[in-house]
Amino acid sequence: MSSEQEFVTPRKVPRETGATQKSLSRSARPSQSGASENSAYNSGTFKSNTFKIQVDELLAQIRPRHGARESAAENALHRLKGIIEAIPAGAPLSVDDAERGLLMSSKVVIPFMEPRPPKDAKYKLEYSKPSSINVVGSYALKTASRVEAVAAIDMLVTMPTALFQDKDFLNYRYFYKRAYYLAVIAAALQSACETEYSTRFKYHHDNPFKPIIVVAPNAHKSSSKGKTSSSKWEINILLSTSADVFPPEKLLPDRNCVRNAVDNSSEGGAIATPFYNSSIRSDMLVSSYLKLSHSAAKDCAAFVDACILGNTWLRQRGLGSDIQAGGFGLFEFSAFMALLLSGEGNLRPILGSGYSSYQLLKATLQLLATRDFSKEPLIIGSTSGNVKATGRGAPIVWDGQRQHNLLFKMTPWAYRLLRLEARTTLSMLSDQNFDGFEAAFIMRKDLDLYRYDYVVALSKGLLGPDNASPGQAPLQKYRQLYEVLERALGDRVNLISITAHRSKAWRVDYADPTQRSEGEIRVGFVINPATVHRTVDHGPPAEKKAEAAQFREFWGEKAELRRFKDGSILESLVWSAKESGQSVFEQIVRYAISKHLGERVEKDVQIAGESFARLLSGTASDTNSQGSLEAFRQFETDLRGLDGLPLSIREIVPADAQLRSTSLTSIRNQRQQIPADVVLQFEGSARWPDDLVAIQRTKIAFLLTIHSQLAGSSETATARVGLENGEHDVLNQAFLDVTYDSGASFRLRIHHDREQTLLERRLKDKALDPRTKEVAALGLAKYRRDYVKLPAFTQAIARLCSRYPALSGTIRLLKKWFASHLLDNHVADPVIEMLAARTFVQPWPWQAPSSVQTGFLRTLHWISRWDWRNEPLIVDLSGSGDLKQPEVQSIQTKFEAWRKLDPALNRVVLFCASSVDQDGTAWTDGRPQKVVAARLTALARAACAEVVDKGLDLQPASLFASPLADFDFVIHLNSDFMLNAKSSRKSNGSSAFKNLELDVDTDASRVGYQPLRDFTSEVEALFGAAVLFFSGGEERAVLAGLWQPQTADRAWKLNLGYSTIPRIGSEGEEDVRAEINREGILAEIARIGGDLVKAIEVNRR
């Protein structure tokens, strides 16, 4: 290919066609059928027809097309090509003369890597005309995405073979000559088009061996005309050489190509330099891989679209070809997929050419997820050598024909992250109840606080310079940090990932500024919740001297020899759960960094991951609820031990947040006892009456019997019968409060299944009046909610809390967030719990959270994106796929029916269904209102914006604070009446006497007394027609209000439902207007509240 040849222009690739193949095995044969891709969709190749439409729309939006910026970039390409071709050949120069000559003539500093070439080097640096200049990469293949902010185009300049000697692959000589060649081109460009374009150096994909030139429109010129689309491009000038300039066998990964002056003996005992060798090979194979991709695009019609989808998938996860971005980007993905399509050698292709774009993507991800290339290298094509795993976690995908490891830039942590993302995506796409399109291709998931359970930040400068061994890969200090943390944490973590700022371009007249140790290193951890809090670690037994010595060498003074109950004597580590207020995880991280990297580094460490959990009153797990569950088991035992009951007990089931590990307080940890609801059901009997009123009276008789039996059988329990629903005699009339001396309290109600039949019969009776039917409908809804759905919901959530240790803390923190933003009286507890549970059972695009922080933040993230007007919340609370696709479709049908029945969303705003409540309205019928749901979305979006803006500097308390100025008035309540008040209330001066104060707190008649909740309920019942109240519950002693829109000034009318003041309108005495009596209503609220109300603040009159 001559230098006069025109650029390789991007060719048009036809749309996806061809039949599909279901097998993804190595022996899969490519399909030769010419059936259309639509048949592939219909045969189940794609997840659903909706998914197919979404993929097609996405591809239509992101496929590259020729526009203003592409035209401007192509004009620049031709201009740059002409300048480079006009550079005259130069005479061979020594290193010193070459540096001085460029610096004096063009003020260009040669971008030599470290170590710099010796001044007395015997070889010469020379420039001669390139063998060819072509456009390569994603622009040539049309695999780049149109959504990129800047169109990046790769121009490949091939250096002539004559510039290099046979031994130039040794001791950096190739890279020194390459750097000089690049500097000559930069000098020519700088001189010829300095006013038009900016010319800068940059490391290609963060590889310090391979600087490139980045040409972009001059910033001054662009700013004077405005930042138009035609200026949003950049051209990367890459260097390569011919594929046969050096023998491939000399650059195999197990060879040493960097030899010091002392030891220039045989390569057998020298350290291998795989990264160095592969960096040279990659320069030799640019054209070869371009041809491979062109061939794949020609043979497989869906190849280009699959590359575009793969690039989108990688970008949304923060993965790319840069070493700091993982070393696996569009080039690696497309080359890997092309190799799988070609097979090469005597092997059959792993992928079929008839695959659709979605199949190609999914099959490639499946291979990445299921095969560990760091333990078992993937060899494609024939190879002459024996390719073995390195043993340090580096992956190997060996291209046998080209003798090259495609993944040579990947670090062990980046490869593990890539495999985790691939596994997660495959699981997500296999979830038939979840539309994985948005999570796979639209959502960004690379934000640290969402992706990782813990994030450790430390200064890059404190680690010191990256003094890698000669020829080794960069990031050696990072590798040391990774190995220390991996060994220290062991099975406490499932993933460790290290990221730092990517290298930036620098001016050609400057030395490389990226060598400075500046910036921040972040280490992300995905923890194992089952082991992360373990306080004792077992090491090797004392008999194994070598292993024990290594253990002690690593852990130092922390290691100790201990004898355990089974008689074993082991090296051990003991961590204190309460040492200095640090968790076990933080203690291990800080100790390991201090011992192996230095105390200065440890003192600089910033750890994010536990600050949210500290906001909870108890621990972040469900251990705080164990006392409640033990008390419930004791209560159940006492009930089943009663002998004088007329019927035997069928079941006693919990139906309260305190008994499913989701309450903000434990029943044993309350200043006032709030009883936990429990439902009791007797065995069936024909002696039950067949009348609703009589059934309620019979329940009272049963409760009185249980009361008397408990009084005689238990000395530690006090029981009291209470009445409720006195205005409707067909509803449940009584309950039994049982309080133990330990502080645990339960509220027992009796469930009789005949009630449902009788209530349904009343609803169908046409002879009954509307009021009676209304009460029957109310009773039926309450029956199903309290006796059927709530107990099943409690058991389901309790099981999930056992399966996911972080779920309990996530739910409680989310409840605290709702209450802190004054939404306590609008959103029922089960709705909040379903929102949190969804993050765990449908965690996509992440895996299930392992910490309270990630669970909480991801839940807010989903709420901020939830379009509740058009999407129902559907949660499979079984966590094991019990909610099948037909049931999901039925729920969706019910949701659509509600939206047609109530298009204005006056009754059901949030539709929240689950595997135990497929109706979706049990806890959202009537509440919250549309304005409240809109505020919920706005608050969640504001919280997510704060997370993105602050990053690791985020203060958790800031997410729980919202201004009160948004409300028309604010009622400040006396915090002494809150359940978690730290100081005892002073009532009528009685608190001056300690014994009277204790009597108040232990008074059985005060069980279930919640003055803040009762006050909120009363003012809502009295003034709800005029005011929309917002309560902070037990978290924030505030009751705020907004005047309802219907209370605006209007014509006088009787029975408006709220207090008004008549006044004369603008049209005279005949025009009498009704103005809401705001002062009177607020005064009445203050009167009702009494000592509960501290002050009323009016923001708007």
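In strand 15, I569 is the bridge partner of R563. Helices (H or I, at least four residues) and strands (E, at least two) are DSSP runs, numbered from the N terminus. This is a predicted model, in which local features need pLDDT of at least 70 and side-chain atom pairs count only at pLDDT 80 or more, while totals for chains, interfaces and linings use all residues. Residues are numbered from 1 along each chain as its sequence is written, and side-chain values use heavy atoms, with hydrogens and water left out.

**Hairpin of strands 14 and 15**

- Strand 14 covers residues 560-563 and strand 15 covers residues 569-574; they pair in the antiparallel sense over four bridges. Two strands pair if DSSP finds at least two bridges between them.
- Five residues separate the two strands of this hairpin.
- G567 sits in the turn and has a positive phi of about 90°.

- Strand 7 (residues 397-399) pairs with strand 8 in the antiparallel sense over two bridges.
- W398 has N405 in strand 8 as its bridge partner.
- Axes are lines fitted to C-alpha atoms, for helices over the stretch in contact (heavy atoms within 4.5 Å).

**T364 in helix 12**

- T364 belongs to helix 12 (residues 357-370).
- T364 is buried, at 0% relative accessible area. Buried means under 20% (1.4 Å probe, protein chains only).
- Leaving out residues up to four places away in sequence, T364 touches F333, F336, M337, L340 and L351.

**Largest cavity**

- The structure holds one cavity of 30 Å³ or more. A cavity is a set of points on a 1 Å grid over the protein atoms alone, where a 1.4 Å probe fits but cannot get out.
- The largest cavity holds about 140 Å³ of space. Grid points are joined across faces, edges and corners, and the volume is the space filled by probe spheres set on the points.
- Its lining has 16 residues, with L420, R451, V526, Q847 and R858 nearest the centre. Lining residues have an atom within 4 Å of a point.
- Helix 13 (residues 412-430) gives the largest share of that lining, four residues.

Terms used. 1 Å grid on protein atoms, 1.4 Å probe; cavity = no way out; pocket = protein on both sides within 12 Å on 5 of 7 lines; lining within 4 Å. Buried < 20%, exposed > 50% of the residue type's maximum accessible area, 1.4 Å probe, protein only.
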